[in-house]
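We will walk through a few spots together, one stop at a time.

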Amino acid sequence: MKHLLFAGVAAIAFSQFNAAADITVKLPANSGVDSISYYYSPIRTAAAKSRSERGTVEGKAAVNNDEATITIAPEAGPSSVGVLVAPRSAFYLYAQPGDKVLAEVTSLTPLDYTLSGTPLIDEINEVEAIGKPFETRQKALMEAGEPKQEDMMALYDEYVQAMKDYIEENITSPKVVYAVMQLRDEDYIKAFDRLSERAKTSVLYPLAEVQYGRIKESMEMERKQEEMANGSTPAPAFTLKNLDGKDVSLADFKGKWVILDFWGSWCIWCIKGFPELKEAYATHKDKLEIIGIDCRETEDAWKAGVAKYELPWVNVYCPEGNPLVSEYGIQGFPTKAIIDPEGKIRNITTGHDPEFFNVLNSLIAQ
């Protein structure tokens, strides 16, 4: 009898593991949505670089009576899921074989929804609840006008401390992994390094582990850039093809100030920075050259982007796999590097930061 009982329990567990996960999405009444798009990727493949290597599956689910069901194949195992319910309105969740998840959407624009149905979702909701008061306060600061940077940073520091307190209180629990994933940089590294063996049994641990590696790499890149931009480090040499297919080398511009602009036509903030970059180019053209280094897209897309945005400076193409991006410690786009007439790096700025141009003006005026 005992053997039959255990056999029955094992059969139930096995059937659950081999059952699909179903995500029921309930939309607002009379939403007018006839289908929703979704994708899912196995968590076990989180370290893969491309969607195909991750085994990402994309699909659409029909909406009937403002309700749709997304089915995750059991062979995917625990998965990361993205659901697009309206243009620019998407939410994300995690599902395992056998899960029955309910996503209740109360508003499409702005998006508002709740998730329920599994212990993992309950744990995530518990962590998310910590951030709700801080989101409310942040929204109030934004609505009151241009918030001061120190106020925003103080608010963020409070949030981080609240998350750290939660982690400390639940340090051995698997649910702490999602809380760790909300931290950044050194805070993330320190918290991750403290995870217990029990905590590492979390379904989300492979994601946290991949994030850990990326943060370590990013911090190393930051350290590298700080060391490079000390005014005494020679800029890494390169030779790349221009629009005419001719070789362009950094050494060709010795004796002038040079801005290396690492960009791509797919990068919104790269494009937003072009007016200020063009203004700087016009102001300092007798002393300055700009070399636009296009990355992470096809040659055709690069050439079309140069033409569309009428970039008047030297433009070159950096093919995928070229070590130049790593040599300059690039970890985001745009990244701009200022090189002095002697070929030394004086500044590296990641992102669209107006302060970059104040630094440029100050350096050239020396």
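What is the handedness of the disulfide of C267 and C270? Select the two residues and follow the torsion about their S-S bond: it is about 85°, so the disulfide is right-handed.

Before moving on, a note on the model. It is a predicted one, in which local features need pLDDT of at least 70 and side-chain atom pairs count only at pLDDT 80 or more, while totals for chains, interfaces and linings use all residues. Residues are numbered from 1 along each chain as its sequence is written, and side-chain values use heavy atoms, with hydrogens and water left out.

**Stop 1: the cysteines**

Stay with C267 and C270, whose sulfurs are 2.4 Å apart; a disulfide here is a pair of cysteine sulfur atoms within 2.5 Å. The structure holds one disulfide. C267 is buried at a relative accessible area of 5%, and C270 is buried as well, at 2%. (Buried means under 20% relative accessible area, exposed over 50% and partly exposed in between, with a 1.4 Å probe and protein chains only.)

Now select C295 and C318. C295 is buried at 2% relative accessibility, and C318 is buried at 4%.

**Stop 2: the sheet**

Switch to cartoon view and find the four strands that form an open sheet, in the order β3-β2-β5-β6 with antiparallel pairing. The edges belong to β3 (57-62) and β6 (89-95); each has a single partner strand, so one side of each is left without a neighbour in the sheet. From one strand to the next, the twist averages 25°. That angle comes from axes fitted as lines to C-alpha atoms, for helices over the stretch in contact, and angles run from 0 to 180 degrees between N-to-C directions.

Strands are DSSP runs of E with at least two residues, helices are runs of H or I with at least four, and both are numbered from the N terminus. Two strands pair if DSSP finds at least two bridges between them. In general, strands of a sheet pair through backbone hydrogen bonds, either parallel or antiparallel. Zoom in on β2 (residues 35-42) and β5 (residues 79-86), which pair in the antiparallel sense over six bridges. Pick P42 and look across to S79 in β5, which stands opposite.

**Stop 3: the aromatic rings**

Show the Phe, Tyr and Trp side chains: the structure holds 14 aromatic pairs. Rings (the six-membered one for Trp) pair if their centres lie within 6.5 Å; planes under 30 degrees apart are stacked, over 60 edge-to-face and the rest tilted. One of the pairs is F134 with Y159, edge-to-face at 5.8 Å centre to centre and 75° between the planes. This pair links distant parts of the chain, with F134 in helix α3 (residues 119-143) and Y159 in helix α4 (residues 149-169), 25 residues apart. Both F134 and Y159 are buried.

Next, select F356 and F357. Their ring centres are 5.2 Å apart and their planes stand at 90°, so this pair is edge-to-face. F356 is buried at 2% relative accessibility, and F357 at 10%. Then select W263, F274, Y281, Y309 and W313, which ring pairs link into a cluster.

**Stop 4: charges over rings**

Finish with R51, which lies over the face of Y39, 5.1 Å from the ring centre. Then go to K272, whose charged end sits over the ring of W269 at 4.3 Å from its centre. (A charge sits over a ring if NZ of Lys or CZ of Arg is within 6 Å of the ring centre and within 35 degrees of the ring normal.)
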